[in-house]
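Trainee: I am new to this structure and would like to go through it by question and answer. Please show it first.

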Amino acid sequence: MTESDGVFDVGTQPSGVERVVNVRLSTRYGEFLAIGYRDLARGDEQIALVHGDVTGEEALARLHSECLTGDAFGSRHCECGDQLSAALKAIAAEGRGVLVYLRGHEGRGIGLLAKLQAMRLQAEGLDTVEANLALGLPADARDYQVAAEVLHDLRVRSVRLLSNNPRKREALLRHGVGVSEQVPLLMPPRQENLAYLLTKRDRMDHCLPHLDAVVQRT
Ligand SMILES: Nc1nc2c(ncn2[C@@H]2O[C@H](COP(=O)(O)OP(=O)(O)OP(=O)(O)O)[C@@H](O)[C@H]2O)c(=O)[nH]1
Ligand SMILES: [Zn+2]
């Protein structure tokens, strides 16, 4: 089809991921293969950590949304850093699995600086959802297509998904990756992140039953 036919050819838009590099990565959790990808649609660099044979069905998978403050600095505001460690530990203990570290997901997709601004608003009393909205940004702007594309590239057909977030499961299913089970990744709450966790439970449908013992549903 050409422009002169009155129909534009949309098939020329780049899509998918390109596997750029594989390298062994020895970590405190175990041995992984780090696979670097380029997201052809957005130009972003992405990385998957693979342990063992993940092809086919049933491997553990974690789609980890980037959180510089939690993952690298050990912030107590959220539980991302603890979840990252727990996921890598679980994958290594099981002998196979994959963690896709989603760069571009920082701040639930609003970016690092906006997340820091949102954290300031939370210090003034807004919850995480209200803070994003007060900045004129979506409560959650994450897209999981690239994660599904990485899993397709790894010939993963279905996974046991390490996550408490039902949207991640729905997104994978929408993009053609099966989810046979959602495996909880529950971190003990701390005083500093209790409000953050309760907002996820009460406003974002995250499955966090361990909080019921701490605070009843509002
Ligand atoms: N906008 C915003 N994002 C935050 C804040 N604290 C952490 N984040 C981001 O939240 C993302 C993690 O999302 P969560 O909703 O905590 O958890 P999830 O990844 O959806 O769910 P799980 O798979 O169960 O971990 C990361 O990208 C963090 O950077 C905050 O105060 N405001
Ligand atoms: Zn975090």
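Trainee: Where is the place of Asp-140?

Mentor: This is a predicted model, in which local features need pLDDT of at least 70, side-chain atom pairs count only at pLDDT 80 or more, and totals for chains, interfaces and linings use all residues. Residues are numbered from 1 along each chain as its sequence is written, while chains are lettered from A and ligands numbered from 1 in the order in which they are written. Helices (H or I, at least four residues) and strands (E, at least two) are DSSP runs, numbered from the N terminus. In these terms, Asp-140 sits in the loop between α5 and α6 (145-153).

Trainee: Which residues does UniProt list for "active site"?

Mentor: UniProt positions are given in the numbering used here, with shortened feature names, and annotations may be inferred rather than shown by experiment. The entry is unreviewed, and under "active site" it lists Asp-140 and Arg-142.

Trainee: Does Arg-142 count as buried or exposed, and why?

Mentor: Arg-142 is placed in the loop between α5 and α6. A residue is buried if 20 or more other C-beta atoms lie within 10 Å of its own, exposed if 12 or fewer, and partly exposed in between, with C-beta atoms placed from the backbone. Asp-140 has 17 such neighbours and therefore counts as partly exposed. Arg-142 has 20 C-beta neighbours inside 10 Å, so Arg-142 counts as buried.

Trainee: Which residues is Arg-142 in contact with, leaving aside its neighbours within four places in sequence?

Mentor: Two residues are in contact if their C-beta atoms, placed from the backbone, lie within 7 Å. With neighbours within four places in sequence left aside, Asp-140 is in contact with Arg-108 and Gly-109. On that basis, the contacts of Arg-142 are Ser-65, His-105, Arg-108 and Gly-109.

Trainee: Why are the buried residues of α2 on the same side?

Mentor: The buried residues of α2 are Cys-80, Gln-83, Leu-84, Ala-87, Leu-88, Ile-91 and Ala-92. The arc is that of the directions from the helix axis to the C-beta atoms. These residues lie on the same side of α2 because the arc they cover is only 165°.

Trainee: What do the buried residues of α2 pack against?

Mentor: One of these residues is Gln-83, which counts as buried because it has 22 C-beta neighbours inside 10 Å. Leaving aside neighbours within four places in sequence, Gln-83 is in contact with Leu-185 and Met-187. As a group, the buried residues of α2 pack against β3 (45-51), β4 (59-65), α1 (68-72), β5 (97-102) and β6 (158-162).

Trainee: What is the phi of Arg-155?

Mentor: Arg-155 is in the loop between α6 and β6. With 10 C-beta neighbours inside 10 Å, Arg-155 counts as exposed. Although Arg-155 is not a glycine, its phi is positive, at about 60°.
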